[in-house]
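Please consult the sequence and the structure while working through each solution.

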Amino acid sequence: MAILDVQVVATSLPTIQSALDIHPDQMSWVQTAYLIAEVVAIPLTGFLTRLLTMRWLFVVSLSLFVIASAGCAASDSFGGLVTWRVIQGFSGGTLIPSVFSAVFILFPDERQALATTIAGVLAVLAPTIGPIVGGWLTETYSWHWLFLINIIPGILAALVAMRSLPREGVNLSELWHLDIVSLLLMAASLAALEIGLKEAPTSGWTSLYVSGLIGLSAVSGFVFAWRSLKRAIPLVELRNFGDRNFLAGSAMSFILGIGLFGSVYLMPVFLAFVRGHNALEIGMTMLVTGIAQLITAPIAVALEKRMDARLLSAAGFTLFAIGIGMSAFQDPQTDFDAMFWPQIIRGTAIMFCLLPPTRLALGTLPPERIPDASGLFNLMRNLGGAIGIALIDTIVYTRSGPLGDSLWERLKAGDVGVAAFVGAPLQAIAGHQGEFDADTTSMLDPLVQTAASVQAINEAWMVVAVLTACALLWVPFAKKVEVAG
């Protein structure tokens with residue numbers, strides 16, 4: 001529910017904007033408010049687990065998520081919707097790392113691979129099926145159902161958590177160790193970073209506003225880290241990064257965030273703005289990745305029990321980078337058929353980019369360190385996704401113009417290869433030299449703009465592929481983790 005919620009809502013923002021009469025400049029805050037609250041909550045999971053116990057953290061978080069979902073559905077104003085989205089994001093943020101903590105704390109070694117796979121499949125499947133679920137709900141019912149679908153599953157999950165998770169006493173003495181200053185510093189750092197990354201592509205990375213936000217994030221983050229490392233009982237245990245395997249696994253999680261969220265972001269951008277597909281059609285196209293993930297999951301479980309996690313990580317990220325790179329050669333006519341095999345390769349690779357690094361990061365830590373470590377591990381994936389999307393937007397915004405100018409120059413020189421790529425009539429280009437007349441220019445202009453956007457998107461795909469391949473640099477840094485059984 002927590003991961004799916006972002007993607008489901010993203011596809012239907014125009015519908016919500018129209019229904020609540022929200023100004024276009026404010027609309028992105030419906031998503032940004034959720035993401036900021038989520039990214040602040042994720043590293044707090046360790047503290048909240050010690051305070052409430054795993055059982056009551058699940059129950060409280062699920063209950064809040066359900067209440068906030070109902071509040072979002074009942075909202076009749078921008079302010080009300082954003083307020084409920086903050087509560088929804090915070091409660092959802094604590095659920096994600098709690099699941100991975102439960103895998104390594106509650107399950108014996110021989111069953112951890114299967115449990116991690118189930119959690120991992122849901123974690124990476126949600127962004128893939130989000131567009132189709134959101135599009136179908138909005139077109140079939142109304143935008144309110146984007147939130148109402150959480151209520152019954154959330155109540156059932158809370159009841160199961162209350163009945164099934166270990167019964168331990170709530171430790172209210174943890175409140176005495178709560179470092180309010182560190183909490184404010186961490187929240188300021190993560191919120192400023194999230195807003196800065198959101199604004200950077202349009203406002204410019206060197207603008208005073210963005211530079212100020214990134215600077216605030218850096219200074220707050222530095223003071224937070226310094227303060228946390230000094231305290232005997234810190235708000236977030238950053239010393240986990242001193243463990244080689246946790247550091248390597250977290251770095252791979254960060255890079256996975258760039259590749260996973262980047263690819264899930266780029267496909268709808270291309271299919272919507274270049275091919276003109278609606279949310280449901282986009283979801284149907286992207287379903288290929290999800291099906292490949294589901295088919296690969298049992299294979300990943302079997303191999304994860306028998307093979308070195310480092311080798312599987314290397315194979316997974318190599319394959320993932322290749323699958324991303326294959327999408328860097330699209331043209332304005334690319335559609336489902338040309339996207340099929342890159343999606344198959346990416347879907348096959350994703351589970352090997354998630355499960356083995358998770359074992360590397362969390363598999364050798366003592367149980368008392370896992371809740372904090374799981375929060376940091378999952379935070380890295382979210383930060384990777386935020387930075388990846390900001391880089392993609394920057395490339396698409398800044399490169400489309402120069403690429404369009406280059407296409408115009410080559411068309412004016414009579415380049416029939418460029419004419420074929422753009423989709424221009426070859427007879428109008430072949431042998432042509434110099435400027436076009438007004439009618440030809442008006443006919444070519446939308447074709448050139450679209451083709452320039454495609455080239456910029458292709459450059460973004462290639463940058464994401466190269467960054468994804470950088471995960472291989474971290475593999476030799478990790479030590480071997482013994483597999484059970």
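**Exercise 1.** Determine how helix H6 (residues 78-106) and helix H7 (residues 109-140) are oriented to each other, and which residues form their contact.

*Solution.* In this predicted model, the axes of H6 and H7 come within 9 Å and cross at roughly 170°. Angles over 145 degrees count as roughly antiparallel, and therefore H6 is roughly antiparallel to H7. On the H6 side, the contact is made by Val99, Phe100, Val103 and Phe104. H7 contributes Gln112, Ala115, Thr116, Ala119, Gly120 and Ala123. Sorted by class, the contact of H6 with H7 has seven nonpolar and three polar residues, with no charged residues.

**Exercise 2.** Find the angle at which helix H1 (residues 2-10) crosses H6, and classify the residues where the two helices meet.

*Solution.* The axes of H1 and H6 cross at roughly 140° and come within 8 Å. This angle makes H1 oblique to H6. From H1, Ala2, Ile3, Asp5 and Val9 meet Arg85, Gln88, Gly92 and Ile96 of H6. The residues of this contact divide into four nonpolar, two polar and two charged.

**Exercise 3.** Identify the salt bridge formed by Arg85, and explain why the pair ties together separate parts of the sequence.

*Solution.* Side chains of opposite charge can pair when their charged atoms come close. The partner of Arg85 is Asp5, with an N to O distance of 2.4 Å; the cut-off for a salt bridge is 4 Å. Arg85 lies in H6 and Asp5 in H1, so the pair joins parts that are 80 residues apart in sequence. The count of salt bridges comes to 13.

**Exercise 4.** Describe the packing of helix H14 (residues 309-325) with helix H19 (residues 438-469).

*Solution.* The axes of H14 and H19 are 8 Å apart, and the helices pack at an angle of about 175°. H14 is therefore roughly antiparallel to H19. Phe317, Phe320, Ala321, Ile324 and Gly325 in H14 meet residues of H19, namely Trp461, Met462, Val464, Ala465, Thr468 and Ala469.

**Exercise 5.** Which residues form a nonpolar patch on the surface together with Leu156, and in which helix is Leu156 found?

*Solution.* Leu156 is found in helix H9 (residues 151-164). The patch consists of Ile152, Ile155, Leu156 and Leu159, which together have about 400 Å² of accessible area.

Definitions and conventions: Residues numbered from 1 in each chain as written. Predicted model: local features only at pLDDT ≥ 70, side-chain atom pairs only at ≥ 80, totals over all residues. Heavy atoms only, no water. Patch = residues over 30% accessible without salt bridge, like charges linked within 9 Å, V, L, I, M, F, W, Y side chains within 5 Å. Areas by Shrake-Rupley, 256 points an atom, 1.4 Å probe, with all protein chains shown as cover. Salt bridge = Lys/Arg side-chain N within 4 Å of Asp/Glu carboxyl O. Helix = DSSP H or I, 4+ residues; strand = E, 2+ residues; numbered from the N terminus. Axes fitted to C-alpha atoms, helices over the stretch in contact; angles between N-to-C directions. Parallel < 35°, antiparallel > 145°, perpendicular 65-115°, else oblique. Contact = heavy atoms within 4.5 Å. Nonpolar A, V, L, I, M, F, W, Y, C, P; charged D, E, K, R; others polar.
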